[in-house]
Amino acid sequence: MSPAPVIVVTGPSGAGKGTLIAELLRRLPQLEHSISATTRERRPGEQDGREYWFLTPEEFARRVRAGEFLEHVTYVSQRCYGTLRSELERIARGGRICVLELETEGALNIKRTVPGAVTIFISASVAELERRLKERATETHTEIGERLRLAHEQLEQAGEFDHVIVNDELEHAADELERVVRRELALAATIEP
Ligand code: ADP
Ligand code: 5GP
């Protein structure tokens, strides 16, 4: 059997990546979310080691130098985000399949460097992203503006990924994501290494 693929969920901020991944993990318990490292501040209710590993910029830079990241980027407001190799190893050791939630640059990096990675772009209109980010209210007005400006470029990259799912009606998008992932896992299981 070939090694299990890495599932990468990407798309602009506010598209619903986090919401859809949470539902996907409920439906497919063999999947596990890799916990990224970030230098952004913790939002209310977030816990270190659950949503992210929250690091100082110095600690993040030290880990970059030590080669601990599979990929890392600087996103809005000079915040760093990165996928720790140790997370992928931990999930593989547990016999589970890894799900990464990444912005588009990181997702394209993984597509180029990790054989068999499956990339899924979650899409929504800019007007809807704006409405959701304002309603979520986890960033400042300025940072929401930055995320929306970036969203225009990210939406143009949708065609570079293996699958595009429009998250308009949540239940419908969750069904579509489950279907795509089940099909990719079944396909990977039939391919000899
Ligand atoms: P992302 O992880 O892509 O930034 P989130 O999963 O945090 O996005 O979703 C952004 C906001 O939009 C959240 O408040 C979430 O509850 C809401 N949301 C997600 N999907 C939908 C949908 N299909 N319709 C309406 N609101 C949604
Ligand atoms: P947020 O600050 O809203 O949690 O995340 C901002 C963006 O960073 C989201 O698009 C999220 O998917 C992305 N992201 C989270 N972790 C990583 C990571 O490890 N690498 C990359 N490239 N992007 C990440």
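User: How far is a nitrogen atom of ligand 2 from an N or O atom in the side chain of E71?
Analyst: This is a predicted model, and the distance is computed from it. A pair of N or O atoms within 3.5 Å counts as a polar contact. The pair formed by a nitrogen atom of ligand 2 and an N or O atom in the E71 side chain is at 2.7 Å.

User: Which residues are the closest to ligand 2?
Analyst: Ligand 2 is surrounded by 16 residues. The closest among them are S36, R40, Y52, Y81 and E103.

User: What separates the polar side-chain atom of Y52 from an oxygen atom of ligand 2?
Analyst: Take R40 as a reference: a polar atom of its side chain sits 2.7 Å from an oxygen atom of ligand 2. Y52 also places a polar side-chain atom by an oxygen atom of ligand 2. For Y52 the distance is 2.5 Å.

User: Which residue has a polar side-chain atom 2.7 Å from an oxygen atom of ligand 1?
Analyst: G16 uses a backbone N or O atom, 3.0 Å from an oxygen atom of ligand 1. L170 has a polar backbone atom 3.4 Å from a nitrogen atom of ligand 1. The side-chain approach at 2.7 Å comes from R136.

User: Are α5 and α6 roughly parallel or roughly antiparallel?
Analyst: Helix α5 covers residues 126-136 and helix α6 covers residues 141-156. Their axes come within 10 Å and cross at roughly 150 degrees. Angles over 145 degrees count as roughly antiparallel. The two helices are therefore roughly antiparallel.

User: Which residues of α6 meet α5?
Analyst: The crossing of these helices is right-handed. By class, the contact has 7 nonpolar, 1 polar and 4 charged residues. From α5 come V126, L129, E130, L133, K134 and R136. They meet, in α6, I144, R147, L148, A151, H152 and L155.

User: How many charged residues are in the contact of α1 with α7?
Analyst: This crossing is right-handed. T19, L20, E23, L24 and R27 of α1 meet a set in α7 that includes L170, E171, D175, E178 and R182. The contact residues divide into 7 nonpolar and 1 polar, and the charged ones number 6.

User: Which side chain makes a polar contact of 3.3 Å with that of R27?
Analyst: R27 lies in helix α1. Its side chain has a polar contact of 2.8 Å with that of E23. Leaving out residues up to four places away in sequence, R27 touches E171, A174, D175, E178 and R182. The polar contact of 3.3 Å is with the side chain of E171.

Technical notes:
Residues are numbered from 1 along each chain as its sequence is written. Chains are lettered from A and ligands numbered from 1 in the order in which they are written. This is a predicted model: local features need pLDDT of at least 70, side-chain atom pairs count only at pLDDT 80 or more; totals for chains, interfaces and linings use all residues. Side-chain values use heavy atoms; hydrogens and water are left out. A crossing is left-handed if the near helix is turned anticlockwise from the far one by less than a right angle, and right-handed if clockwise. Helices (H or I, at least four residues) and strands (E, at least two) are DSSP runs, numbered from the N terminus. Contact means heavy atoms within 4.5 Å. Ala, Val, Leu, Ile, Met, Phe, Trp, Tyr, Cys and Pro count as nonpolar, Asp, Glu, Lys and Arg as charged, and the others, Gly among them, as polar. A polar contact is a pair of N or O atoms within 3.5 Å; within protein, one must be able to donate a hydrogen and the other to accept it, and residues adjacent in sequence count only if both atoms are side-chain atoms. A residue is near a molecule or strand if one of its heavy atoms lies within 4 Å of it. Axes are lines fitted to C-alpha atoms, for helices over the stretch in contact, and angles run from 0 to 180 degrees between N-to-C directions. Angles under 35 degrees count as roughly parallel, over 145 as roughly antiparallel, 65 to 115 as roughly perpendicular and the rest as oblique.
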